[in-house]
Amino acid sequence: MLLAKCFMQMKILLALSSLLEKRKCIYLFLSFIICIGSISAKEKSVSINQKCLSCHSTESICDGKFKINEEEFYSSAHSSIKCTDCHLVSLRGSDEKMSHKKIMPEIDCTAKCHQQNKQIKPGLSPLYYPDSVHGRAYLERGAQDAAKCWDCHTKHNIKRQSDLDSTVNKRNIPLTCSNCHEDMSVILKYNIHCEKPYQDYLQSVHGKALYKAGLLSLAAVCTDCHGIHDIKGVGEPSLIAKNPKTCGKCHILIFNAYKESIHGGEALNGNPDVPLCVDCHNEHKIIFPSDEEAPTSWKNVNDTCSACHARIEIMQKYGVPDDRRESYIQSLHGIAIGYGYEAAANCTSCHGFHDIRPASDPSSRVNPANLAKTCRQENCHPGMPDKISNSRIHIDINQKKSGASYYIQQIFLWIVFITAVITVIWFVPGFIKKIKYLKR
Ligand code: HEC
Ligand code: HEC
Ligand code: HEC
Ligand code: HEC
Ligand code: HEC
Ligand code: HEC
Ligand code: HEC
Ligand code: HEC
Ligand code: HEC
């Protein structure tokens with residue numbers, strides 16, 4: 001196996017040398033040295049490992065508690081390193097048998113190895129781990145339940161990420177994280193606010209894309225949103241999971257529209273009052289807007305917007321009218337939606353969703369110059385005259401400032417009131433007369 005590898009290595013180097021037109025013998029010599037080096041290193045580690053395994057591949061130690069699966073170990077990514085590279089055991093007496101003292105130092109995967117450059121890919125270098133939510137919990141507070149390198153990668157059966165059996169292969173990541181994150185004892189002990197990320201994820205567009213739609217390489221998994229070795233917890237100032245830029249890695253065009261909008265522009269400046277992608281779409285259970293249950297569906301989107309736009313304290317802060325929900329519900333569109341008429345306009349039909357701008361912005365869909373076009377959308381009112389499209393939408397007929405509508409409503413209210421009074425005046429004496437008549 002190893003000799004065959006050496007042979008391949010020599011062949012490649014020879015081919016390279018002929019390409020570069022350098023002297024072949026130098027390359028041949030070099031590759032020979034490299035191969036001999038690797039063979040002797042491998043042999044040395046195999047011989048040490050065999051000594052450790054002479055005890056540790058048997059069931060005899062502590063009922064198999066310390067048994068290592070030899071086959072797994074030798075097919076793992078670490079097959080050619082020594083047990084003692086990771087386990088800094090203190091040997092008892094001579095080197096011969098490799099028997100060791102009971103107490104062992106903690107394993108540190110980044111002490112001699114895994115100091116990968118932090119620049120390769122955001123969050124990939126294991127050097128980020130000490131400052132992650134898991135790293136801080138384990139290294140600083142000694143929390144044994146927090147993810148250590150080997151909880152995500154396994155101890156002795158570590159596979160490359162590209163290997164389909166690897167615990168960190170894209171397909172397997174959601175399950176690897178959920179070993180702990182759907183374990184109620186861990187969730188309660190560490191007060192983690194999200195109880196079933198995996199179940200929610202399975203129902204999401206991304207979970208379905210990963211497992212069903214065959215979009216393995218494109219779909220988002222836990223680490224695409226949370227980071228890899230740099231995962232951070234609730235309350236961190238620049239949480240990767242919540243950052244619209246994280247969704248924007250894949251949804252590029254949408255991100256570009258969003259960042260130019262009133263919400264997106266403010267969000268990227270750090271304003272906490274405006275909606276991030278996940279405020280409108282959900283954190284884990286992101287479902288297609290065409291699904292009626294989605295917060296972005298025609299049925300629910302009015303409530304999603306109104307969660308903020310009907311809150312007086314937020315809207316007053318920005319000088320934005322706070323009557324939008326009320327005025328919409330009273331409008332013809334609002335009434336129609338209330339009766340389940342899907343085709344009626346909702347907030348996003350008029351305002352857009354990722355490109356929402358104030359009415360004063362010339363490129364806003366509700367700017368007076370664009371209103372006619374907005375009303376004449378294909379599925380709405382294709383032939384609507386300008387005069388009608390320019391009429392006001394958000395009219396709260398309970399307020400004087402709404403002008404004619406307010407007074408018309410008031411007149412009707414008075415008519416109803418007066419009629420009622422007349423009816424009572426007319427009806428009561430007749431009623432009394434009738435009773436008197438019956439008593440007689
Ligand atoms: C002579 C048999 C023997 C040999 C050889 C041996 N071990 Fe052990 N090892 C044991 C026994 C017995 C235990 C259980 C110790 C105890 O009582 O907790 C153990 C425990 C361990 C543990 C677990 C410690 C813990 O408490 O979690 C590690 C790790 C370990 N050995 C690594 C090694 C390595 C690495 C080598 C080779 C350098 C090696 N062992 C060689 C007998 C052996
Ligand atoms: C890549 C690093 C690495 C190598 C190589 C390695 N181990 Fe381990 N080993 C670990 C880690 C990590 C643990 C878990 C330590 C902990 O829980 O604190 C572990 C745990 C153990 C244990 C305790 C039982 C268990 O499963 O938790 C034994 C015994 C052990 N190793 C023996 C060996 C032997 C024998 C070899 C060589 C054949 C070996 N290890 C090679 C990383 C390694
Ligand atoms: C919370 C889980 C988790 C923890 C803890 C963790 N890793 Fe990772 N690690 C991953 C995931 C997931 C990947 C795959 C990233 C990707 O998509 O490329 C990865 C990738 C890697 C890779 C690249 C593997 C390859 O085949 O390209 C190395 C090396 C690595 N981790 C080492 C470590 C070390 C060392 C530690 C401890 C300091 C550690 N990891 C802790 C989840 C974890
Ligand atoms: C599409 C992006 C995305 C994916 C995929 C995703 N998450 Fe999340 N996750 C989030 C967001 C956003 C939050 C909320 C962050 C906040 O409010 O602090 C969150 C919150 C969490 C929390 C609570 C801690 C916190 O920061 O609020 C945990 C635990 C968690 N996710 C685990 C997972 C696990 C496990 C998976 C994979 C099964 C996963 N997530 C997949 C985006 C994602
Ligand atoms: C071995 C168990 C374990 C594994 C595996 C694990 N975690 Fe965690 N994780 C924890 C624990 C415990 C905490 C709480 C740490 C704390 O509160 O300090 C935590 C915290 C978190 C938090 C922050 C929660 C909060 O409320 O602030 C997020 C987000 C998170 N993990 C995501 C992940 C992702 C994504 C993966 C998979 C790549 C993963 N975890 C794998 C145990 C684990
Ligand atoms: C790693 C890439 C990736 C990341 C990161 C990502 N997504 Fe997605 N998302 C996808 C893919 C791929 C699909 C397509 C699924 C399909 O069509 O089946 C998708 C689909 C969607 C859909 C449904 C699209 C439709 O056609 O109706 C929504 C909504 C969505 N993502 C929102 C988000 C949000 C919000 C975030 C950030 C919290 C996010 N995504 C992060 C890759 C990603
Ligand atoms: C103010 C709420 C809101 C915010 C913020 C928001 N979206 Fe949306 N998003 C919606 C609505 C509503 C729809 C559904 C529109 C429709 O098709 O009816 C939607 C649709 C989508 C779709 C489906 C494809 C499409 O264009 O119809 C994707 C993907 C998506 N959003 C991703 C994102 C991402 C990524 C972000 C952040 C950069 C984001 N959204 C921010 C409300 C929002
Ligand atoms: C998380 C809260 C939140 C949600 C959800 C939200 N908005 Fe906003 N929106 C705001 C805030 C805050 C402002 C004011 C920003 C500023 O002026 O800097 C704003 C501004 C606006 C403006 C511009 C008003 C002006 O005069 O500046 C419009 C139009 C708007 N939002 C419509 C919508 C629609 C439509 C939805 C639903 C698809 C929605 N918003 C969802 C918080 C929210
Ligand atoms: C039929 C179209 C239509 C619908 C539906 C609609 N709006 Fe409006 N909206 C407008 C027009 C036109 C304006 C600008 C004139 C005005 O202020 O009345 C406006 C103004 C606004 C403003 C103030 C913007 C500014 O810059 O002054 C906000 C905020 C707003 N709408 C939010 C909403 C919310 C939230 C909903 C859903 C509950 C909604 N709108 C539904 C057409 C609509």
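The buried residues of α16 are covered by elements that include α15, α18, α19 (332-338) and α20, where contact means C-beta atoms, placed from the backbone, within 7 Å. This is a predicted model, with local features needing pLDDT of at least 70 and side-chain atom pairs counting only at pLDDT 80 or more, while totals for chains, interfaces and linings use all residues. Residues are numbered from 1 along each chain as its sequence is written, and chains are lettered from A and ligands numbered from 1 in the order in which they are written.

**Helix α16**
- Val-301, Asn-302, Thr-304 and Cys-305 are buried in α16 (20 or more other C-beta atoms within 10 Å of a residue's own).
- These four sit on the same side of α16, because they cover an arc of only 165 degrees around the axis (taken from the directions from the helix axis to the C-beta atoms).
- Helices here are DSSP runs of H or I, at least four residues, numbered from the N terminus.

**Around ligand 8**
- Ligand 8 has 23 residues around it, the closest being Pro-275, Cys-305, Cys-308, Cys-347 and Pro-358 (C-beta atom, placed from the backbone, within 6 Å).
- At least two shell residues each come from α14 (262-268), α15 (277-281), α16, α17 (312-318) and α20.
- The top contributor is α16, with six residues.
- The shell splits into 15 nonpolar, five polar and three charged residues.

**Around ligand 9**
- For ligand 9 the shell holds 24 residues, with Cys-347, Cys-350, Pro-358, Ala-359 and Val-366 the closest.
- Two or more of them come from each of α16 (301-309), α18 (324-330) and α20 (347-351).
- By class, there are 12 nonpolar, nine polar and three charged residues (Ala, Val, Leu, Ile, Met, Phe, Trp, Tyr, Cys and Pro are nonpolar, Asp, Glu, Lys and Arg charged, and the others, Gly among them, polar).

Note on methods
Buried ≥ 20, exposed ≤ 12 C-beta atoms within 10 Å, placed from the backbone. Contact = placed C-beta atoms within 7 Å.
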